[in-house]
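The sequence and the structure follow.

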Amino acid sequence: MIANLPFSQACENNKQAILAVLEKELVGHSHVLEVGSGTGQHSVYFAPRLAHLQWQTSDVSNNHQVIQAWHDSYPAPNLHPPLAFDLMTDTMSTSKSNQPYDAIFTANTLHIIAWHLVERLFELVGEALPLDGKLIIYGPFNEHGRYTSASNQSFDLSLRQRDPNSGIRHKEDVVALAKKHDLTLKNEYQLPANNQILVFKK
Ligand SMILES: C[S@@+](CC[C@H](N)C(=O)[O-])C[C@H]1O[C@@H](n2cnc3c(N)ncnc32)[C@H](O)[C@@H]1O
């Protein structure tokens, strides 16, 4: 890592395991939109290792300087500068890409944003993806109405203390929401440290 770049440990955790899933799930896909790129660490790791596709980063504008700093330090020909994309105000068409996306990836976002923004995300993704397009979501989820680990329980409590609208989502709620927007759960992967990847297909 280059010194002085803002750094997220959460983004580093499991990046090899996430990549292994993306390598499998993104065969035949060509244009990925990443929602909530954060520092950009995922994008600089994934894009050069998924050279067959274009990786479009996005986030709220406040994060763009940091994402661009990571891109400047680790450039790749298929890695694109961040688009301004705020679920509060934007639509996929205001995210100004000429190419339609055939996959959308988001990591560690559903437990941060309020539930009405999770609903908005699925609405926009459902509209934007073509048939057979994929939505790939990484993060912690509850299952059968329960936490999947004690560490997820304490993480959830700390999230809710900071922001009562945040918190680990129930997988069943997310799957039901996806269905409303013609997105079907096709694959799920257990990742280390009680995280999961959910793959939805339109
Ligand atoms: C915990 S960070 C995850 C960052 C990165 N994907 C990772 O895995 O480390 C949550 C991300 O959600 C983004 N976010 C929060 N509210 C948002 C909104 N209204 N629209 C789009 N992104 C939002 C934040 O800016 C941040 O980048």
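## Helix packing and pockets

Helix α2 (residues 15-25) packs against helix α3 (residues 41-49) at an angle of about 40 degrees, and their axes are 11 Å apart. The crossing of the two helices is right-handed. To the contact (heavy atoms within 4.5 Å), α2 gives K15, Q16, I18, L19, L22 and E23, while α3 gives H42, Y45, F46 and R49. By class, this contact holds 5 nonpolar, 2 polar and 3 charged residues.

The model is predicted: local features need pLDDT of at least 70 and side-chain atom pairs pLDDT 80 or more, whereas totals for chains, interfaces and linings use all residues. Residues are numbered from 1 along each chain, and side-chain values use heavy atoms, without hydrogens and water.

A pocket is an open set of points on a 1 Å grid, where a 1.4 Å probe fits, with protein on both sides within 12 Å along at least five of seven lines; lining residues have an atom within 4 Å of a point.

The largest pocket has a volume of about 590 Å³. Among the 27 residues lining this pocket, G36, D59, N108, T109 and I112 are the closest to its centre. Two or more lining residues come from each of α1 (9-12), β1 (31-35), β2 (54-59) and α5 (115-128).

The lining of the second largest pocket includes N108, H111, Y138 and F155. Its largest share, 3 residues, belongs to helix α6 (residues 150-162).

| Pocket | Volume | Lining by class |
|---|---|---|
| Largest pocket | about 590 Å³ | 13 nonpolar, 11 polar and 3 charged residues |
| Second largest pocket | about 230 Å³ | 5 nonpolar, 7 polar and no charged residues |

Key. Grid points are joined across faces, edges and corners, and a volume is the space filled by probe spheres set on the points. Helices (H or I, at least four residues) and strands (E, at least two) are DSSP runs, numbered from the N terminus. Ala, Val, Leu, Ile, Met, Phe, Trp, Tyr, Cys and Pro count as nonpolar, Asp, Glu, Lys and Arg as charged, and the others, Gly among them, as polar. Axes are lines fitted to C-alpha atoms, for helices over the stretch in contact, and angles run from 0 to 180 degrees between N-to-C directions. A crossing is left-handed if the near helix is turned anticlockwise from the far one by less than a right angle, and right-handed if clockwise.
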